Amino acid sequence: MKIIFITAMLSLMMTACAQNKAQVQGAAANQEETFSLNDRIEKSEAEWKAQMSEMEYYVMREKGTERAFSGDLWDHKETGVYVCAACKLPLFSSETKFKSGTGWPSYYAKINDSHVKEETDSAFGMLRTEVLCARCDAHLGHVFTDGPPPTGLRYCINSASLDFEKAEKKADKEKEDKK
Ligand SMILES: [Zn+2]
């Protein structure tokens, strides 16, 4: 009996995973902007500095961290996509944002694997995984393994590294395209 139950649970979980994957891939395919590693954006530090606020430059180019609860997106709840503040590449969906209580925007998944890069960070005597924009190398934050289901991951991201694009915008645009 127990075995039947476990088998049933396993097949349920596998179906759920497959569905999630299909949804994520679908979402990625819908992005207006598709990114390949050949499309990287590289600018001099002076060029980045000129287009950014001091806080954005400190976080994205100098790998700084904004103070908890100081950013404008940690408690942001609208439906849409969070894009890189430096190059506008879509990074996280509002569907995966959750309340972490940390004071930084938190997500349990990235929008897709090619847009968000992960690297080992041993600064400050801690071994952490740094999260970066794959197109322009902007520092976004870190990913930890104490997040909620379904991934168990917690992408802890600085508001300064993100801009928000409301979902309505896209829906309106699609309507216009159909006209
Ligand atoms: Zn970027």
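**Strands, loops and a cis peptide bond**

Proline 150 lies in the loop that connects strand 6 (139–144) with strand 7 (154–157); here strands, like helices, are DSSP runs numbered from the N terminus, with at least two residues (E) for a strand and at least four (H or I) for a helix. The model is predicted, and local features are therefore given at pLDDT of at least 70 and side-chain atom pairs at pLDDT 80 or more, whereas totals for chains, interfaces and linings use all residues. Residue numbers start from 1 along each chain as its sequence is written.

The peptide bond that leads from proline 149 into proline 150 is cis, and its omega is near 5°. In general, most peptide bonds are trans.

Most residues other than glycine have a negative phi. Phenylalanine 124, in the loop between strand 4 (116–121) and strand 5 (128–133), has a positive phi of about 60° although it is not a glycine. Phenylalanine 124 counts as exposed because it has 6 C-beta neighbours inside 10 Å. The cut-offs, applied to C-beta atoms placed from the backbone, are 20 or more others within 10 Å for buried, 12 or fewer for exposed, and partly exposed in between. Aspartate 137, in the loop between strand 5 and strand 6, is likewise not a glycine and has a positive phi of about 70°. With 19 other C-beta atoms within 10 Å, aspartate 137 is partly exposed.

A further set of pairings involves strand 1 (residues 80–84), in which four of the five residues are buried. Strand 1 pairs with strand 8 (residues 162–166) in the antiparallel sense over five bridges, and valine 81 stands opposite glutamate 165 in strand 8. Strand 1 also pairs with strand 2 (residues 90–93), again antiparallel, over three bridges; there, valine 83 has proline 90 as its bridge partner. Strands 1 and 2 form a hairpin with five residues between them, and lysine 88 in the turn has a positive phi of about 70°.

Note on methods
Two strands pair if DSSP finds at least two bridges between them.
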